[in-house]
There are 2 protein chains.
Amino acid sequence: MTAVSNVRNGRDGKANRRGRPGYDRESLLRVAVKVFNERGYDGTSMDELSKRLGISKSAIYHHVSGKDELLQLAVDRALDGLFAAADEAGALDGSAIDRLEHLVRASVAVLVAEQPFVTLLLRVRGNTAVEKRALARRREFDRLVSGLVEQAEADGDIRPDIDPAITARLLFGLVNSLIEWYRPGAGAGADEIADAVRKVAFDGLRRRPATGG
Amino acid sequence: MTAVSNVRNGRDGKANRRGRPGYDRESLLRVAVKVFNERGYDGTSMDELSKRLGISKSAIYHHVSGKDELLQLAVDRALDGLFAAADEAGALDGSAIDRLEHLVRASVAVLVAEQPFVTLLLRVRGNTAVEKRALARRREFDRLVSGLVEQAEADGDIRPDIDPAITARLLFGLVNSLIEWYRPGAGAGADEIADAVRKVAFDGLRRRPATGG
DNA sequence: GAGGCCGCTGACCGTCCGTTCAGTCGGGGT
DNA sequence: ACCCCGACTGAACGGACGGTCAGCGGCCTC
(Lines give C-alpha, C1' and ligand atoms only; values in the text may rest on other atoms or scores of the structure.)
Protein backbone atom coordinates (compact mmCIF):
# COMPACT_ATOMS: atom_id res chain seq x y z
CA MET A 1 0.00 0.00 0.00
CA THR A 2 2.63 2.51 1.04
CA ALA A 3 6.13 3.05 -0.22
CA VAL A 4 8.86 0.72 0.92
CA SER A 5 11.96 2.71 1.70
CA ASN A 6 14.48 0.15 0.55
CA VAL A 7 12.79 -0.04 -2.82
CA ARG A 8 13.92 3.51 -3.42
CA ASN A 9 17.44 4.58 -4.06
CA GLY A 10 18.29 2.89 -7.30
CA ARG A 11 21.98 3.38 -6.81
CA ASP A 12 22.58 -0.13 -5.60
CA GLY A 13 25.37 -1.59 -7.65
CA LYS A 14 25.86 1.57 -9.64
CA ALA A 15 28.70 4.09 -9.68
CA ASN A 16 28.15 7.04 -7.36
CA ARG A 17 26.18 9.86 -8.90
CA ARG A 18 25.85 13.48 -8.01
CA GLY A 19 22.77 15.04 -6.48
CA ARG A 20 20.06 13.90 -4.14
CA PRO A 21 19.64 10.14 -3.77
CA GLY A 22 16.35 8.64 -4.96
CA TYR A 23 14.84 6.64 -7.77
CA ASP A 24 16.43 6.20 -11.14
CA ARG A 25 14.50 5.12 -14.23
CA GLU A 26 15.12 1.44 -13.60
CA SER A 27 14.02 1.21 -9.97
CA LEU A 28 11.01 3.40 -10.67
CA LEU A 29 10.02 1.20 -13.62
CA ARG A 30 10.12 -1.97 -11.53
CA VAL A 31 7.73 -0.51 -8.95
CA ALA A 32 5.45 0.94 -11.64
CA VAL A 33 5.16 -2.39 -13.47
CA LYS A 34 4.37 -4.15 -10.21
CA VAL A 35 1.54 -1.73 -9.50
CA PHE A 36 0.28 -1.93 -13.10
CA ASN A 37 0.05 -5.69 -12.73
CA GLU A 38 -1.82 -5.47 -9.45
CA ARG A 39 -4.45 -2.96 -10.54
CA GLY A 40 -4.18 -3.03 -14.34
CA TYR A 41 -2.54 -0.34 -16.45
CA ASP A 42 -5.73 1.63 -17.04
CA GLY A 43 -6.82 1.02 -13.48
CA THR A 44 -3.69 2.63 -12.05
CA SER A 45 -3.67 6.41 -11.70
CA MET A 46 -0.48 8.42 -11.57
CA ASP A 47 -1.61 9.54 -8.12
CA GLU A 48 -1.89 5.96 -6.84
CA LEU A 49 1.45 5.19 -8.45
CA SER A 50 3.12 8.13 -6.77
CA LYS A 51 1.82 6.98 -3.38
CA ARG A 52 3.24 3.51 -3.94
CA LEU A 53 6.56 5.07 -4.93
CA GLY A 54 6.55 7.35 -1.90
CA ILE A 55 7.17 10.45 -4.03
CA SER A 56 4.95 13.14 -5.45
CA LYS A 57 3.08 12.67 -8.69
CA SER A 58 5.13 15.30 -10.49
CA ALA A 59 8.38 13.59 -9.50
CA ILE A 60 7.52 10.70 -11.80
CA TYR A 61 7.71 13.06 -14.78
CA HIS A 62 11.31 13.81 -13.87
CA HIS A 63 12.16 10.22 -14.83
CA VAL A 64 9.78 9.42 -17.68
CA SER A 65 7.80 11.47 -20.15
CA GLY A 66 4.49 10.02 -19.00
CA LYS A 67 2.44 6.95 -18.19
CA ASP A 68 2.75 5.80 -21.78
CA GLU A 69 6.52 5.62 -21.66
CA LEU A 70 6.43 3.41 -18.58
CA LEU A 71 4.29 0.95 -20.53
CA GLN A 72 6.55 1.20 -23.55
CA LEU A 73 9.68 0.47 -21.51
CA ALA A 74 7.98 -2.50 -19.86
CA VAL A 75 6.57 -4.22 -22.94
CA ASP A 76 9.78 -3.64 -24.90
CA ARG A 77 11.76 -5.41 -22.24
CA ALA A 78 9.41 -8.39 -22.35
CA LEU A 79 9.43 -8.53 -26.15
CA ASP A 80 13.20 -8.21 -26.39
CA GLY A 81 13.52 -11.18 -24.05
CA LEU A 82 11.10 -13.32 -26.04
CA PHE A 83 12.72 -12.53 -29.37
CA ALA A 84 16.14 -13.29 -27.93
CA ALA A 85 14.76 -16.70 -26.97
CA ALA A 86 13.40 -17.13 -30.49
CA ASP A 87 16.70 -16.17 -32.11
CA GLU A 88 18.46 -18.64 -29.85
CA ALA A 89 16.10 -21.43 -30.93
CA GLY A 90 16.25 -20.41 -34.57
CA ALA A 91 20.04 -20.61 -34.63
CA LEU A 92 19.92 -24.28 -33.63
CA ASP A 93 20.76 -27.07 -36.07
CA GLY A 94 18.33 -29.73 -34.82
CA SER A 95 14.92 -30.76 -36.08
CA ALA A 96 11.89 -28.51 -35.78
CA ILE A 97 10.63 -30.28 -32.67
CA ASP A 98 14.04 -29.92 -31.02
CA ARG A 99 14.06 -26.21 -31.78
CA LEU A 100 10.48 -25.98 -30.54
CA GLU A 101 11.42 -27.68 -27.30
CA HIS A 102 14.32 -25.30 -26.93
CA LEU A 103 12.06 -22.33 -27.59
CA VAL A 104 9.59 -23.51 -24.96
CA ARG A 105 12.36 -23.86 -22.41
CA ALA A 106 13.88 -20.48 -23.27
CA SER A 107 10.47 -18.81 -23.23
CA VAL A 108 9.70 -20.19 -19.80
CA ALA A 109 13.07 -18.85 -18.65
CA VAL A 110 12.15 -15.39 -19.93
CA LEU A 111 8.68 -15.53 -18.33
CA VAL A 112 10.26 -16.52 -15.05
CA ALA A 113 13.09 -13.97 -15.17
CA GLU A 114 10.97 -11.06 -16.38
CA GLN A 115 7.58 -12.14 -15.08
CA PRO A 116 6.20 -8.66 -14.30
CA PHE A 117 7.17 -7.27 -17.69
CA VAL A 118 5.76 -10.22 -19.63
CA THR A 119 2.58 -10.13 -17.54
CA LEU A 120 2.01 -6.54 -18.53
CA LEU A 121 2.71 -7.35 -22.17
CA LEU A 122 0.19 -10.20 -22.25
CA ARG A 123 -2.56 -7.95 -20.91
CA VAL A 124 -2.16 -5.18 -23.45
CA ARG A 125 -5.39 -4.55 -25.40
CA GLY A 126 -4.27 -2.18 -28.15
CA ASN A 127 -5.91 1.02 -26.91
CA THR A 128 -2.94 3.32 -27.63
CA ALA A 129 -0.19 3.50 -30.24
CA VAL A 130 2.28 1.95 -27.81
CA GLU A 131 -0.07 -0.95 -27.19
CA LYS A 132 -0.75 -1.45 -30.90
CA ARG A 133 2.98 -1.69 -31.60
CA ALA A 134 3.39 -4.22 -28.79
CA LEU A 135 0.55 -6.34 -30.15
CA ALA A 136 2.13 -6.30 -33.61
CA ARG A 137 5.42 -7.62 -32.23
CA ARG A 138 3.55 -10.28 -30.25
CA ARG A 139 1.81 -11.46 -33.39
CA GLU A 140 5.19 -11.71 -35.10
CA PHE A 141 6.41 -13.94 -32.29
CA ASP A 142 3.28 -16.09 -32.52
CA ARG A 143 3.82 -16.59 -36.25
CA LEU A 144 7.32 -17.79 -35.50
CA VAL A 145 6.02 -20.40 -33.07
CA SER A 146 3.27 -21.51 -35.44
CA GLY A 147 5.87 -22.02 -38.18
CA LEU A 148 7.91 -24.31 -35.96
CA VAL A 149 4.87 -26.35 -34.95
CA GLU A 150 3.78 -26.78 -38.57
CA GLN A 151 7.25 -27.92 -39.54
CA ALA A 152 7.41 -30.36 -36.62
CA GLU A 153 4.07 -31.81 -37.61
CA ALA A 154 5.26 -32.15 -41.23
CA ASP A 155 8.30 -34.02 -39.87
CA GLY A 156 5.92 -36.44 -38.16
CA ASP A 157 7.16 -35.49 -34.68
CA ILE A 158 3.90 -33.99 -33.48
CA ARG A 159 0.53 -35.74 -33.29
CA PRO A 160 -1.21 -35.33 -36.62
CA ASP A 161 -4.75 -35.56 -35.23
CA ILE A 162 -4.84 -31.91 -34.11
CA ASP A 163 -4.76 -28.86 -36.36
CA PRO A 164 -1.22 -27.43 -36.00
CA ALA A 165 -2.66 -23.92 -35.60
CA ILE A 166 -4.56 -25.13 -32.53
CA THR A 167 -1.54 -27.03 -31.23
CA ALA A 168 0.62 -23.93 -31.46
CA ARG A 169 -1.90 -21.83 -29.61
CA LEU A 170 -2.43 -24.39 -26.89
CA LEU A 171 1.32 -24.77 -26.47
CA PHE A 172 1.92 -21.09 -25.94
CA GLY A 173 -1.28 -20.71 -23.99
CA LEU A 174 0.19 -23.26 -21.60
CA VAL A 175 3.52 -21.45 -21.41
CA ASN A 176 1.96 -18.01 -21.05
CA SER A 177 -0.39 -19.16 -18.31
CA LEU A 178 2.65 -19.16 -16.04
CA ILE A 179 2.34 -15.44 -15.50
CA GLU A 180 -1.00 -15.97 -13.75
CA TRP A 181 0.49 -17.78 -10.80
CA TYR A 182 4.29 -17.97 -10.92
CA ARG A 183 5.92 -15.77 -8.33
CA PRO A 184 9.71 -15.70 -8.08
CA GLY A 185 11.12 -16.89 -4.78
CA ALA A 186 7.90 -18.57 -3.69
CA GLY A 187 7.34 -22.28 -4.21
CA ALA A 188 8.95 -23.93 -7.22
CA GLY A 189 12.11 -22.58 -8.84
CA ALA A 190 12.60 -21.64 -12.47
CA ASP A 191 14.15 -24.96 -13.47
CA GLU A 192 11.41 -27.00 -11.87
CA ILE A 193 8.76 -24.92 -13.66
CA ALA A 194 10.48 -25.18 -17.03
CA ASP A 195 10.74 -28.94 -16.61
CA ALA A 196 7.09 -29.27 -15.65
CA VAL A 197 5.94 -27.20 -18.61
CA ARG A 198 8.07 -29.16 -21.05
CA LYS A 199 6.88 -32.50 -19.70
CA VAL A 200 3.20 -31.61 -19.65
CA ALA A 201 3.31 -29.94 -23.05
CA PHE A 202 5.09 -32.72 -24.91
CA ASP A 203 4.08 -35.85 -22.98
CA GLY A 204 0.87 -34.89 -21.19
CA LEU A 205 -0.05 -35.10 -17.56
CA ARG A 206 -1.24 -38.71 -17.58
CA ARG A 207 0.99 -41.33 -16.08
CA ARG A 208 2.40 -43.68 -18.69
CA PRO A 209 4.24 -47.01 -18.48
CA ALA A 210 7.70 -45.88 -19.57
CA THR A 211 8.49 -42.42 -20.85
CA GLY A 212 11.91 -40.98 -21.32
CA GLY A 213 12.84 -37.45 -20.34
CA MET B 1 -16.58 1.43 -34.07
CA THR B 2 -20.19 2.54 -34.46
CA ALA B 3 -23.40 0.89 -33.39
CA VAL B 4 -24.79 -1.93 -35.46
CA SER B 5 -28.52 -1.58 -35.79
CA ASN B 6 -29.36 -5.25 -35.76
CA VAL B 7 -27.49 -5.67 -32.51
CA ARG B 8 -30.19 -3.56 -30.89
CA ASN B 9 -33.69 -4.68 -30.26
CA GLY B 10 -33.31 -7.50 -27.78
CA ARG B 11 -36.78 -8.79 -28.44
CA ASP B 12 -35.68 -11.53 -30.78
CA GLY B 13 -37.10 -14.77 -29.50
CA LYS B 14 -38.94 -13.11 -26.67
CA ALA B 15 -42.61 -12.50 -26.05
CA ASN B 16 -43.79 -9.09 -27.24
CA ARG B 17 -43.38 -6.34 -24.71
CA ARG B 18 -44.95 -2.97 -24.30
CA GLY B 19 -43.27 0.31 -25.08
CA ARG B 20 -40.65 1.50 -27.49
CA PRO B 21 -38.42 -1.15 -29.00
CA GLY B 22 -34.75 -1.05 -28.11
CA TYR B 23 -32.24 -2.71 -25.84
CA ASP B 24 -33.14 -4.86 -22.91
CA ARG B 25 -30.71 -5.79 -20.15
CA GLU B 26 -29.53 -8.89 -21.95
CA SER B 27 -28.77 -7.42 -25.36
CA LEU B 28 -27.13 -4.40 -23.78
CA LEU B 29 -24.97 -6.63 -21.59
CA ARG B 30 -23.72 -8.63 -24.56
CA VAL B 31 -22.53 -5.50 -26.35
CA ALA B 32 -21.02 -4.05 -23.18
CA VAL B 33 -19.02 -7.22 -22.45
CA LYS B 34 -17.77 -7.27 -26.02
CA VAL B 35 -16.49 -3.71 -25.72
CA PHE B 36 -15.00 -4.39 -22.28
CA ASN B 37 -13.04 -7.26 -23.77
CA GLU B 38 -11.78 -5.16 -26.65
CA ARG B 39 -10.61 -2.17 -24.64
CA GLY B 40 -10.46 -3.53 -21.11
CA TYR B 41 -13.02 -2.76 -18.40
CA ASP B 42 -11.11 0.19 -16.95
CA GLY B 43 -10.18 1.34 -20.44
CA THR B 44 -13.82 1.59 -21.53
CA SER B 45 -15.68 4.79 -20.68
CA MET B 46 -19.45 4.94 -20.42
CA ASP B 47 -19.31 7.49 -23.22
CA GLU B 48 -17.44 5.10 -25.52
CA LEU B 49 -19.83 2.34 -24.54
CA SER B 50 -22.85 4.49 -25.37
CA LYS B 51 -21.43 5.23 -28.81
CA ARG B 52 -20.96 1.53 -29.49
CA LEU B 53 -24.51 0.87 -28.35
CA GLY B 54 -25.83 3.68 -30.47
CA ILE B 55 -27.71 5.25 -27.58
CA SER B 56 -26.95 8.07 -25.19
CA LYS B 57 -24.86 7.56 -22.09
CA SER B 58 -27.76 8.18 -19.75
CA ALA B 59 -29.86 5.53 -21.50
CA ILE B 60 -27.49 2.89 -20.14
CA TYR B 61 -28.50 3.81 -16.61
CA HIS B 62 -32.09 2.98 -17.52
CA HIS B 63 -31.04 -0.68 -17.81
CA VAL B 64 -28.36 -1.06 -15.16
CA SER B 65 -27.40 0.82 -12.02
CA GLY B 66 -23.91 1.57 -13.33
CA LYS B 67 -20.71 0.28 -14.88
CA ASP B 68 -20.13 -1.91 -11.85
CA GLU B 69 -23.38 -3.81 -12.33
CA LEU B 70 -22.48 -4.64 -15.94
CA LEU B 71 -19.28 -6.23 -14.68
CA GLN B 72 -21.14 -8.05 -11.91
CA LEU B 73 -23.69 -9.51 -14.32
CA ALA B 74 -20.92 -10.64 -16.67
CA VAL B 75 -18.63 -12.32 -14.16
CA ASP B 76 -21.55 -13.97 -12.38
CA ARG B 77 -22.68 -15.56 -15.62
CA ALA B 78 -19.18 -16.91 -16.23
CA LEU B 79 -18.81 -18.21 -12.68
CA ASP B 80 -22.25 -19.80 -12.65
CA GLY B 81 -21.31 -21.69 -15.80
CA LEU B 82 -18.02 -22.91 -14.39
CA PHE B 83 -19.55 -24.04 -11.10
CA ALA B 84 -22.30 -25.85 -12.98
CA ALA B 85 -19.56 -27.71 -14.82
CA ALA B 86 -17.87 -28.51 -11.51
CA ASP B 87 -21.10 -29.77 -9.94
CA GLU B 88 -21.65 -31.96 -12.98
CA ALA B 89 -18.18 -33.45 -12.61
CA GLY B 90 -18.49 -33.79 -8.85
CA ALA B 91 -21.73 -35.78 -9.17
CA LEU B 92 -19.96 -38.43 -11.22
CA ASP B 93 -19.19 -41.89 -9.82
CA GLY B 94 -15.90 -42.52 -11.60
CA SER B 95 -12.32 -42.14 -10.43
CA ALA B 96 -10.73 -38.76 -9.81
CA ILE B 97 -9.06 -38.66 -13.20
CA ASP B 98 -12.34 -39.48 -14.93
CA ARG B 99 -14.05 -36.67 -13.07
CA LEU B 100 -11.13 -34.39 -13.91
CA GLU B 101 -11.38 -35.25 -17.58
CA HIS B 102 -15.10 -34.56 -17.45
CA LEU B 103 -14.48 -31.24 -15.74
CA VAL B 104 -11.97 -30.23 -18.40
CA ARG B 105 -14.43 -31.07 -21.15
CA ALA B 106 -17.29 -29.28 -19.41
CA SER B 107 -15.09 -26.25 -18.66
CA VAL B 108 -14.05 -25.98 -22.29
CA ALA B 109 -17.71 -26.13 -23.25
CA VAL B 110 -18.43 -23.23 -20.90
CA LEU B 111 -15.47 -21.20 -22.18
CA VAL B 112 -16.66 -21.77 -25.73
CA ALA B 113 -20.33 -21.06 -25.05
CA GLU B 114 -19.76 -18.02 -22.84
CA GLN B 115 -16.38 -16.89 -24.14
CA PRO B 116 -16.88 -13.12 -23.69
CA PHE B 117 -18.11 -13.48 -20.12
CA VAL B 118 -15.32 -15.84 -19.09
CA THR B 119 -12.75 -13.61 -20.79
CA LEU B 120 -13.88 -10.68 -18.70
CA LEU B 121 -13.82 -12.81 -15.55
CA LEU B 122 -10.26 -13.97 -16.15
CA ARG B 123 -9.03 -10.40 -16.51
CA VAL B 124 -10.48 -9.09 -13.28
CA ARG B 125 -7.81 -7.62 -10.99
CA GLY B 126 -9.67 -7.06 -7.73
CA ASN B 127 -9.89 -3.26 -7.78
CA THR B 128 -13.50 -3.01 -6.64
CA ALA B 129 -15.80 -4.97 -4.32
CA VAL B 130 -17.41 -6.69 -7.31
CA GLU B 131 -14.02 -7.75 -8.60
CA LYS B 132 -12.89 -8.99 -5.17
CA ARG B 133 -15.99 -11.16 -4.89
CA ALA B 134 -15.37 -12.57 -8.37
CA LEU B 135 -11.76 -13.39 -7.49
CA ALA B 136 -12.90 -15.16 -4.35
CA ARG B 137 -15.28 -17.40 -6.32
CA ARG B 138 -12.53 -18.08 -8.86
CA ARG B 139 -10.19 -19.19 -6.10
CA GLU B 140 -12.90 -21.52 -4.81
CA PHE B 141 -13.13 -23.09 -8.26
CA ASP B 142 -9.35 -23.43 -8.45
CA ARG B 143 -9.28 -25.25 -5.10
CA LEU B 144 -11.85 -27.66 -6.47
CA VAL B 145 -9.66 -28.45 -9.46
CA SER B 146 -6.54 -28.78 -7.33
CA GLY B 147 -8.36 -31.25 -5.10
CA LEU B 148 -9.24 -33.45 -8.06
CA VAL B 149 -5.68 -33.37 -9.39
CA GLU B 150 -4.25 -34.32 -6.00
CA GLN B 151 -6.66 -37.19 -5.71
CA ALA B 152 -5.87 -38.38 -9.24
CA GLU B 153 -2.17 -38.30 -8.47
CA ALA B 154 -2.77 -40.24 -5.23
CA ASP B 155 -4.65 -42.83 -7.32
CA GLY B 156 -1.57 -43.16 -9.51
CA ASP B 157 -3.37 -41.92 -12.60
CA ILE B 158 -1.33 -38.74 -13.03
CA ARG B 159 2.43 -38.54 -13.47
CA PRO B 160 4.05 -38.38 -10.04
CA ASP B 161 7.14 -36.46 -11.14
CA ILE B 162 5.41 -33.06 -11.10
CA ASP B 163 4.05 -31.26 -8.06
CA PRO B 164 0.24 -31.67 -8.24
CA ALA B 165 -0.18 -27.97 -7.45
CA ILE B 166 1.79 -27.13 -10.57
CA THR B 167 -0.03 -29.74 -12.63
CA ALA B 168 -3.39 -28.28 -11.64
CA ARG B 169 -2.31 -24.77 -12.55
CA LEU B 170 -0.86 -25.82 -15.88
CA LEU B 171 -3.99 -27.79 -16.69
CA PHE B 172 -6.30 -24.87 -16.13
CA GLY B 173 -3.84 -22.45 -17.62
CA LEU B 174 -4.11 -24.53 -20.78
CA VAL B 175 -7.90 -24.55 -20.65
CA ASN B 176 -8.20 -20.87 -19.84
CA SER B 177 -5.81 -19.86 -22.60
CA LEU B 178 -8.66 -20.61 -25.00
CA ILE B 179 -10.20 -17.23 -24.34
CA GLU B 180 -7.17 -15.55 -25.89
CA TRP B 181 -7.85 -16.86 -29.37
CA TYR B 182 -11.06 -18.87 -29.60
CA ARG B 183 -13.75 -17.03 -31.52
CA PRO B 184 -17.14 -18.71 -32.03
CA GLY B 185 -18.04 -19.39 -35.65
CA ALA B 186 -14.51 -18.89 -36.95
CA GLY B 187 -12.22 -21.85 -37.55
CA ALA B 188 -12.61 -24.88 -35.29
CA GLY B 189 -15.88 -25.77 -33.60
CA ALA B 190 -16.48 -26.34 -29.91
CA ASP B 191 -16.18 -30.11 -30.09
CA GLU B 192 -12.92 -30.00 -32.01
CA ILE B 193 -11.46 -27.56 -29.48
CA ALA B 194 -12.58 -29.62 -26.50
CA ASP B 195 -11.04 -32.72 -28.05
CA ALA B 196 -7.77 -30.95 -28.79
CA VAL B 197 -7.50 -29.61 -25.26
CA ARG B 198 -8.25 -32.97 -23.69
CA LYS B 199 -5.73 -34.75 -25.90
CA VAL B 200 -2.94 -32.26 -25.38
CA ALA B 201 -3.54 -31.97 -21.66
CA PHE B 202 -3.64 -35.66 -20.87
CA ASP B 203 -1.41 -37.18 -23.57
CA GLY B 204 0.81 -34.32 -24.73
CA LEU B 205 1.41 -32.95 -28.18
CA ARG B 206 4.16 -35.36 -29.16
CA ARG B 207 3.36 -38.16 -31.57
CA ARG B 208 3.39 -41.56 -29.91
CA PRO B 209 3.31 -45.13 -31.26
CA ALA B 210 -0.16 -46.18 -30.12
CA THR B 211 -2.39 -44.06 -27.93
CA GLY B 212 -6.06 -44.66 -27.32
CA GLY B 213 -8.65 -41.87 -27.38
C1' DG C 1 -57.70 6.83 -29.91
C1' DA C 2 -56.44 7.47 -25.21
C1' DG C 3 -53.43 5.86 -21.67
C1' DG C 4 -49.46 4.28 -20.07
C1' DC C 5 -45.24 2.04 -20.24
C1' DC C 6 -40.69 1.60 -21.78
C1' DG C 7 -36.66 3.28 -23.93
C1' DC C 8 -34.47 7.13 -24.54
C1' DT C 9 -32.39 12.32 -24.72
C1' DG C 10 -29.32 16.33 -23.51
C1' DA C 11 -27.64 19.24 -20.24
C1' DC C 12 -25.31 19.11 -16.17
C1' DC C 13 -22.63 17.76 -11.68
C1' DG C 14 -18.59 16.92 -8.82
C1' DT C 15 -14.51 14.36 -9.04
C1' DC C 16 -10.48 12.37 -10.71
C1' DC C 17 -7.41 12.05 -14.51
C1' DG C 18 -2.62 12.81 -16.80
C1' DT C 19 0.30 16.47 -17.22
C1' DT C 20 2.83 21.04 -16.48
C1' DC C 21 5.62 24.43 -14.13
C1' DA C 22 8.31 27.28 -11.24
C1' DG C 23 10.72 26.54 -7.98
C1' DT C 24 13.20 23.87 -3.39
C1' DC C 25 16.11 20.42 -1.25
C1' DG C 26 20.20 17.77 -0.37
C1' DG C 27 24.66 15.78 -1.08
C1' DG C 28 28.97 14.75 -3.61
C1' DG C 29 32.73 17.01 -6.37
C1' DT C 30 36.14 20.39 -6.46
C1' DA D 1 33.17 26.33 1.49
C1' DC D 2 31.07 26.65 -2.54
C1' DC D 3 28.74 25.01 -6.50
C1' DC D 4 25.84 22.54 -9.12
C1' DC D 5 23.33 18.67 -10.49
C1' DG D 6 19.82 15.52 -10.00
C1' DA D 7 15.67 14.33 -7.24
C1' DC D 8 11.92 16.18 -5.70
C1' DT D 9 7.55 19.40 -4.16
C1' DG D 10 2.88 21.61 -4.39
C1' DA D 11 -0.35 24.02 -6.77
C1' DA D 12 -2.68 24.31 -10.77
C1' DC D 13 -4.63 23.11 -15.55
C1' DG D 14 -8.01 21.46 -18.99
C1' DG D 15 -10.33 17.64 -20.07
C1' DA D 16 -12.47 13.17 -19.34
C1' DC D 17 -14.71 10.41 -16.14
C1' DG D 18 -19.03 7.99 -13.89
C1' DG D 19 -23.31 9.30 -12.70
C1' DT D 20 -27.93 12.28 -12.22
C1' DC D 21 -32.23 14.41 -13.56
C1' DA D 22 -36.38 16.16 -15.65
C1' DG D 23 -38.70 15.28 -19.41
C1' DC D 24 -39.73 13.54 -24.42
C1' DG D 25 -41.38 10.02 -27.96
C1' DG D 26 -42.87 5.79 -30.00
C1' DC D 27 -45.54 1.53 -29.65
C1' DC D 28 -48.66 -1.87 -27.54
C1' DT D 29 -52.91 -2.51 -25.04
C1' DC D 30 -57.51 -1.84 -24.17
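Two residues are taken to be in contact if their C-beta atoms, placed from the backbone, lie within 7 Å. This tour applies that criterion to a predicted model, in which local features need pLDDT of at least 70 and side-chain atom pairs count only at pLDDT 80 or more, while totals for chains, interfaces and linings use all residues. Residues are numbered from 1 along each chain as its sequence is written, and chains are lettered from A and ligands numbered from 1 in the order in which they are written.

**Chain A as a whole**

Select chain A and colour by secondary structure: there are nine helices and zero strands, where helices (H or I, at least four residues) and strands (E, at least two) are DSSP runs numbered from the N terminus. Among the contacts in chain A between residues at least 6 apart in sequence, 61% join residues at least 24 apart. Of the 213 residues in chain A, 38% are buried; a residue is buried if 20 or more other C-beta atoms lie within 10 Å of its own, exposed if 12 or fewer, and partly exposed in between, with C-beta atoms placed from the backbone.

**The two domains of chain A**

Next, colour residues 3-68 as domain 1 and residues 75-203 as domain 2 of chain A, bounds that come from an automatic or database domain assignment. The centres of these two domains, taken over C-alpha atoms, are separated by 29 Å, and six residues of domain 1 of chain A are in contact with six residues of domain 2 of chain A. On the domain 1 side, the largest share, four residues, comes from α1(A). By class, that side has three nonpolar, one polar and two charged residues, where Ala, Val, Leu, Ile, Met, Phe, Trp, Tyr, Cys and Pro count as nonpolar, Asp, Glu, Lys and Arg as charged, and the others, Gly among them, as polar.

**The pair of chains**

Now show chain B alongside chain A. A rotation of 180° with 0.0 Å of shift along its axis superposes chain A on chain B with an RMSD of 0.1 Å, the superposition being by least squares on the C-alpha atoms of residues with pLDDT of at least 70 in both copies. The two copies are thus related as by a two-fold rotation axis. To locate that axis from chain A, pick G204(A), whose C-alpha is the nearest to the axis in this chain, at 1.8 Å.

Select the interface next: 37 residues of chain A are in contact with 37 residues of chain B. On the side of chain A that touches chain B, α1 (25-39), α8 (164-176) and α9 (190-203) each supply at least two residues, and the largest share, eight residues, comes from α8(A). By class, this side of chain A has 15 nonpolar, nine polar and 13 charged residues. Because 100% of the interface residues of chain A are also interface residues in chain B, the copies meet through the same surface.

**Helix α8 of chain A**

Zoom in on α8(A), which has 13 residues and reaches 18 Å from its first C-alpha to its last; this is close to the 18 Å expected at 1.5 Å a residue, the expected span being 1.5 Å times one less than the number of residues. Eleven of the 13 residues of α8(A) are buried, so the helix is largely enclosed by the rest of the structure. Among the buried residues are R169(A), L170(A), F172(A) and L174(A).

Move on to V200(A), found in helix α9 of chain A, which counts as buried with 25 C-beta neighbours inside 10 Å. Not counting residues up to four places away in sequence, V200(A) touches L174(A), L205(A), I162(B) and L170(B).

D195(A) and R105(A) are 90 residues apart in sequence and 7.9 Å apart in space, C-alpha to C-alpha.

Of its 120 residues, V197(A) and V197(B) touch the most other members. Leaving aside neighbours within four places in sequence, V197(B) is in contact with L170(A), V104(B), V108(B), L174(B) and V175(B).

Definitions and conventions. A nonpolar core is a set of buried Ala, Val, Leu, Ile, Met, Phe, Trp, Tyr and Cys residues joined through C-beta atoms within 7 Å.
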